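Trainee: I'd like to learn how to read helix packing and chain contacts in a model. Can we walk through one together?

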Number of protein chains: 2
Amino acid sequence: MKPFDVIGLDADDTLWHSEDSFHAGEMKFVELVSPYVSEGIDVKAALTAVERKNLHTFGYGVKAFGLSAVEAAITISEGRVPTSVIGQLVEMIRATLTEPVRLLPHVPEVLAEIGRHYRLVLITKGDLIHQTFKVETSGLAHHFEHVEILLEKDPRAYQRVLDDRGIDPTTFCMVGNSVRSDILPVMAIGGTAVHVPYPLLWELEHVDHDEHFAELGSITELPAWLGL
Amino acid sequence: MKPFDVIGLDADDTLWHSEDSFHAGEMKFVELVSPYVSEGIDVKAALTAVERKNLHTFGYGVKAFGLSAVEAAITISEGRVPTSVIGQLVEMIRATLTEPVRLLPHVPEVLAEIGRHYRLVLITKGDLIHQTFKVETSGLAHHFEHVEILLEKDPRAYQRVLDDRGIDPTTFCMVGNSVRSDILPVMAIGGTAVHVPYPLLWELEHVDHDEHFAELGSITELPAWLGL
């Protein structure tokens, strides 16, 4: 007997690379802005603090990161950053939004195999246009009976997605790289969750917890874990 | 007999004011940036051109407007705009994202009345966090059996929303202020649409057409139009 009816999959850093682009963007920000910042200021920490301050208003995703980067560049340089650098920050956002999707290894084969046995839904959060572009250009959209782009991955949001599709949480298993967004909220509503870590994790996704859940070394181990 | 089973309602400029904020933002942009721009440049037209260029990459909504405004300020001033002005543009975006919802007249009573006779769905597009905040803080969310925030309001997107909820387009009527986004795509999939114009329309929403459809002077006329 199959242990679940429906498998939910996170997208960023679960199906394709994402955080490495943000990390490269942060490094680029430090490189571009540092020359205009007084000695003794931690440029990277200040950028993260501005992102944290703006998270509730700007939300997740690349455009939110871009607006926070512009704000942080001006404030931490006390206005000394030249407009040419601000222009480069906006260009960086545009480049990220149009960068081709880079799938993680063996993702298409894994989805094909589990898709033969389970209903698959993709549940992600972030910027509506960016996430939609990535899903559409990934070549993976046909594996999923539904794609949901959420504002926040909390228990209430997961419950609504499952209710909407008539899925009992006890028959649902979520697979993702973020304990905070993919694992704990699904367990909180009575579902199962499998953690597949990505080498990088955004600081604002860090969470302390003492829950127990399955952890796989890579998504290639998922079919075997599901007994396939 | 009721002519429809389900009424879809647009949100921005149909249930609450929106375009007037964007219009005020554009005027503020012109005021802030014009002092640094060479004579003979149409500042407002240049801003709209940058928005149009970026629409496919940045999408709709306030954050997209903000990034386009920063880019336009730098390019049309040839970099002469001071960072203090760029900072003010980012603050303007933050202010718009947190501004309280301003309902259009009699919207709560109209929704209460038509909600007694019809299933209601809210179908909007734009920024995920901004639209969600507006729906949640409007006090109107309980009237709707479903809220859908789309990337683009085209026939394919409407068809998917209706399919998802088992709604036959011939039993569906959409109410909104944009002929391009609320009327023509719904008629294209066999639904009915009612136009309720708002005094302002964003230039990128303008469309030429020769379709015929009902037009109401305000949403207060909707119950009578539905025979209630």
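Trainee: What is the handedness of the crossing of α2(B) and α3(B)?

Mentor: The crossing of α2(B) and α3(B) is right-handed. A crossing is left-handed if the near helix is turned anticlockwise from the far one by less than a right angle, and right-handed if clockwise. Helices here (H or I, at least four residues) are DSSP runs, numbered from the N terminus, as are strands (E, at least two). Before we go on, this is a predicted model: local features need pLDDT of at least 70, side-chain atom pairs count only at pLDDT 80 or more, and totals for chains, interfaces and linings use all residues. Residues are numbered from 1 along each chain as its sequence is written, while chains are lettered from A and ligands numbered from 1 in the order in which they are written.

Trainee: At what angle do the axes of α2(B) and α3(B) cross?

Mentor: Two packed helices are described by the angle between their axes and the distance between the axes. Helix α2 (residues 43-58) of chain B and helix α3 (residues 62-76) of chain B cross at roughly 130 degrees, and their axes come within 9 Å. Axes are lines fitted to C-alpha atoms, for helices over the stretch in contact, and angles run from 0 to 180 degrees between N-to-C directions. α2(B) and α3(B) are therefore oblique to each other; angles under 35 degrees count as roughly parallel, over 145 as roughly antiparallel, 65 to 115 as roughly perpendicular and the rest as oblique.

Trainee: Which residues of α2(B) and α3(B) meet?

Mentor: Contact is when C-beta atoms, placed from the backbone, lie within 7 Å. From α2(B) the list includes Val43(B), Leu47(B) and Phe58(B), and from α3(B) it includes Phe65(B), Leu67(B) and Ile76(B). The residues of this contact divide into 11 nonpolar, two polar and two charged. Ala, Val, Leu, Ile, Met, Phe, Trp, Tyr, Cys and Pro count as nonpolar, Asp, Glu, Lys and Arg as charged, and the others, Gly among them, as polar.

Trainee: How do α1(B) and α4(B) pack?

Mentor: Helix α1 (residues 19-33) of chain B packs with α4(B) at an angle of about 170 degrees, with the axes 11 Å apart. That makes α1(B) roughly antiparallel to α4(B). Among the residues that make the contact are Phe29(B) and Leu32(B) of α1(B), and Leu89(B) and Met92(B) of α4(B). By class, this contact has six nonpolar, four polar and one charged.

Trainee: And over in chain A, how do α1(A) and α2(A) cross?

Mentor: The axes of α1 (residues 19-33) and α2 (residues 43-58) of chain A come within 9 Å and cross at roughly 120 degrees. That makes α1(A) oblique to α2(A). Their crossing is right-handed. Glu26(A), Phe29(A), Val30(A) and Val33(A) of α1(A) touch Val43(A), Lys44(A) and Leu47(A) of α2(A).

Trainee: What does each chain give to the contact between them?

Mentor: Chain B gives 25 residues and chain A gives 26. On the side of chain B, the elements that give two or more residues are α2, α3, α4 (83-98) and α6 (128-137). The largest share, nine residues, comes from α4(B). By class, that side has 13 nonpolar, nine polar and three charged residues.

Trainee: What rotation superposes chain B on chain A?

Mentor: Two copies of a chain are related by a rotation about an axis and a shift along it. Here a rotation of 180 degrees with 0.0 Å of shift along its axis superposes chain B on chain A, at RMSD 0.0 Å. The two copies are thus related as by a two-fold rotation axis.

Definitions and conventions: Least-squares fit on C-alpha atoms with pLDDT ≥ 70 in both. Contact = placed C-beta atoms within 7 Å.
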